[in-house]
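Thank you all for coming.

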Amino acid sequence: MSGMVLLETKRSTETKRYAFDFLSQLAPGETLLAGSCTVTVWSGVDSSPQSIRSGSPTISGSVVNQKFTAGVVGVIYSVVVSAITSQSQTLTLQGYL
C-alpha cells in the first residue's frame, strides 16, 4: 500500500528533517526494521536529485525520518520513503518537496 504525505515547503538554503509516519499501515505489534529514501525530479531540472538527501533515514517508532538540504530553486522533487517491517512487508509513502 502506498500513501501520500504532505511535505512543508523547503527553501534551497535550508536543511530540514521530514517525518514519514507509517502507523496507519502497521498491524498491531508490527515494527519498522529499515527505511530507505529515493528522490527524483517531478517537475523542473536537476541532474542529481538524490543529492538533496542529507544522511541516511532514521527510524523512531512508526516514523522514518529523513533530512533534506539544498536543492534547485523551482524544482519539485518526488520523495518516496520505503520501510521494511517485522512482518516482512515493504511499505511506501510519497510526497512532493
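Which residues make the nonpolar surface patch of about 420 Å²? That patch is made by Met4, Trp42, Ile76 and Tyr96. A patch here consists of residues with over 30% relative accessible area and no salt bridge, where like charges are joined within 9 Å and nonpolar side chains (Val, Leu, Ile, Met, Phe, Trp, Tyr) within 5 Å; the accessible areas come from the Shrake-Rupley method with a 1.4 Å probe, and for residues only the protein chains shown count as cover.

Before going on, please keep in mind that this is a predicted model, in which local features need pLDDT of at least 70 and side-chain atom pairs count only at pLDDT 80 or more, while totals for chains, interfaces and linings use all residues. Residues are numbered from 1 along each chain as its sequence is written, and side-chain values use heavy atoms, with hydrogens and water left out.

Met4 counts as exposed because its relative accessibility is 55%, where exposed means over 50% relative accessible area, buried under 20%, and partly exposed in between (1.4 Å probe, protein chains only).

Let me turn to the charged side chains. How many salt bridges does a search of the whole structure find? The search finds 2, a salt bridge being a side-chain nitrogen of Lys or Arg within 4 Å of a carboxyl oxygen of Asp or Glu. Glu8 and Lys16 meet in one at 2.6 Å, N to O, and Lys16 forms another with Glu14, with the closest N and O atoms 4.0 Å apart. Through these shared partners, Glu8, Glu14 and Lys16 are joined into one network. Within it, Glu8 is exposed, with a relative accessible area of 55%, Glu14 is partly exposed at 24%, and Lys16 counts as buried at 18%.

Lys16 also leads us to Gln66, since Lys16 is among the residues that Gln66 touches, as are Cys37 and Gly55, not counting residues up to four places away in sequence; contact means heavy atoms within 4.5 Å. Gln66 is found in strand β5, residues 63-69, and counts as buried because its relative accessibility is 0%. Its side chain reaches the backbone oxygen of Gly55 at 3.1 Å.

Now to the interior. Leaving aside neighbours within four places in sequence, Phe20 is in contact with residues including Val5, Val63, Phe68 and Val79.

Val63, in strand β5, counts as buried at 15% relative accessibility, and its C-alpha atom is separated by 7.4 Å from that of Leu23, 40 residues apart along the chain. Ala83, finally, is placed in strand β6 and is buried, with a relative accessible area of 1%; Ala83 and Ala34 are 49 residues apart in sequence, yet 5.6 Å apart in space, C-alpha to C-alpha.

Technical notes. Helices (H or I, at least four residues) and strands (E, at least two) are DSSP runs, numbered from the N terminus. A polar contact is a pair of N or O atoms within 3.5 Å; within protein, one must be able to donate a hydrogen and the other to accept it, and residues adjacent in sequence count only if both atoms are side-chain atoms.
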